[in-house]
Amino acid sequence: MLKTTKPRRSLRRKRLTGPHRRRKVFNRLLEHRLIKRVSFEEYRDKVRDVYDGPQGAMLATCSMLSGHTALGHRLFKKGKFELRGARQILDVGSGAGQIARHLLKYADPGAKLTCVDLSHEMLRRARNRLKHARPRFLAADMTRLPFADASFDCITCGYVLEHLPDAKPGLAELSRVMKPGARMLLLTTEDNFSGAMTSRMWRCRTYNRRELARLCDELGLVWHEELWFSRMHKVLRAGGICAVLVKQ
Ligand SMILES: C[S@@+](CC[C@H](N)C(=O)[O-])C[C@H]1O[C@@H](n2cnc3c(N)ncnc32)[C@H](O)[C@@H]1O
């Protein structure tokens with residue numbers, strides 16, 4: 001079980017002024033609007049269509065070209081997100097299996113891996129890419145997971161939360177299926193310029209880091225540590241939100 005002794009940063013809201021505020025407003029304007037315009041069900045159907053279609057077929061290549069595959073690999077290789085001891089691992093929104101591939105490489109050999117995704121096509125692509133007998137693949141919406149309470153001691157959720165108009169039902173559901181002390185690696189798009197561009201490309205939303213941290217805390221998911229892909233990403237505050245959460 002993970003120790004939660006590290007002091008957490010204050011989650012107080014900072015008031016933005018001048019150029020910071022203008023930048024935020026600009027990013028908000030740049031963000032794709034679809035997620036705010038339609039109902040959750042309608043939006044979810046559109047997300048499924050996007051990932052079932054040619055854009056989804058390009059996902060693995062996009063992750064490779066943007067450097068995300070290699071950067072994600074660093075997190076696991078360097079043990080920034082600890083997998084040792086995890087017996088039941090859930091990869092949410094596994095897409096083309098980008099994170100699942102690292103899990104298969106770095107998790108304990110006896111660990112059971114479950115990959116869920118909204119898109120059947122993405123699950124098929126992940127299965128074909130991974131060519132591995134260990135993971136089980138399930139089609140499910142992260143806001144309604146077909147698992148009992150406290151089923152998993154480790155969850156990875158990479159770039160999925162931005163496909164929910166409201167993070168709360170998704171995070172609450174992940175919290176429900178986590179055992180006490182279980183840990184989660186959460187990666188998502190941040191409300192900055194590069195996040196807004198990603199939002200345009202994938203018709204998703206972005207999150208404010210502090211607001212998301214506060215919500216996690218409310219749901220009993222302790223915002224344990226913020227990770228950065230590299231020192232340069234930390235200095236430039238680039239690469240989006242990458243956090244380790246621990247279920248209380
Ligand atoms: C950008 S890909 C992420 C792939 C991989 N996890 C990674 O880190 O690169 C987002 C994936 O989340 C899936 N997805 C979107 N909304 C979802 C939902 N509500 N429940 C489950 N999966 C969802 C999409 O079908 C897609 O495969």
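**Entry 1**

I started with strand β6 (residues 221-226), where 5 of the 6 residues are buried. By buried I mean under 20% relative accessible area, with exposed being over 50% and partly exposed in between (1.4 Å probe, protein chains only). My helices (H or I, at least four residues) and strands (E, at least two) are DSSP runs, numbered from the N terminus.

A note on the source: this is a predicted model, in which local features need pLDDT of at least 70 and side-chain atom pairs count only at pLDDT 80 or more, while totals for chains, interfaces and linings use all residues. Residues are numbered from 1 along each chain as its sequence is written, and side-chain values use heavy atoms, with hydrogens and water left out.

Next I asked which way β6 and strand β7 (residues 241-247) pair. They run antiparallel, over 5 bridges; I count two strands as paired if DSSP finds at least two bridges between them. Opposite E225 I found V244 in β7.

**Entry 1: helix α11**

I moved to helix α11 (residues 209-218) and listed its buried residues: R209, R210, L212, A213, L215 and C216. An α-helix has 3.6 residues a turn, so residues three or four places apart point the same way. The buried residues of α11 pack against α9 (167-177), β5 (178-188), β6 and β7. For contact I use heavy atoms within 4.5 Å.

I checked both ends of the helix too. At the start of α11, a side-chain oxygen of N208 comes to within 3.1 Å of the backbone nitrogen of R210. Just after α11, G220 has a positive phi of about 80°.

**Entry 2: the nonpolar cores**

Which residues touch the most other members of the largest nonpolar core? I got L90, I155, L161, L171, M184 and L212, out of 32 residues. The elements giving two or more residues to this core are β1 (88-92), β4 (152-158), α9, β5, α11, β6 and β7. A core here is a set of buried Ala, Val, Leu, Ile, Met, Phe, Trp, Tyr and Cys residues joined through side-chain atoms within 4.5 Å. A second, separate core has 26 residues, including L71, F81, A86 and C115.

I then looked at I155 by itself. Leaving aside neighbours within four places in sequence, I155 has contacts that include F81, L90, V92, L174 and M184.

**Entry 3: the ligand**

I turned to the 20 residues around the ligand, of which G93, D117, D141, M142 and G158 come nearest.

- D117 has a polar side-chain atom 2.6 Å from a ligand oxygen.
- D141 has a polar side-chain atom 3.0 Å from a ligand nitrogen.
- Q98 has a side-chain N or O atom 3.3 Å from a ligand oxygen.

The protein covers 95% of the 610 Å² of accessible area that the ligand has on its own. That area comes from the Shrake-Rupley method with a 1.4 Å probe; for residues, only the protein chains shown count as cover.

**Entry 4: two glutamates in loops**

Is E162 buried or exposed? E162 sits in the loop between β4 and α9 and is buried, at a relative accessible area of 2%. Its side chain makes polar contacts with the side chains of T188, at 2.8 Å, and T189, at 2.5 Å. Beyond its sequence neighbours within four places, E162 also touches residues including I35, Y43 and Y207.

E190 lies in the loop between β5 and α10 (193-202). E190 counts as buried because its relative accessibility is 11%. The side chain of E190 makes a polar contact of 2.9 Å with the side chain of R209, one of the buried residues of α11.

Last, I looked up R203, in the loop between α10 and α11, which has a positive phi of about 55° although it is not a glycine. R203 is partly exposed, at 33% relative accessibility. R237, in the loop between α12 (231-236) and β7, has a positive phi near 50° and is partly exposed at 39%.

Key:
Polar contact = N/O pair within 3.5 Å; in protein donor to acceptor, adjacent residues only side chain to side chain. Near = heavy atom within 4 Å.
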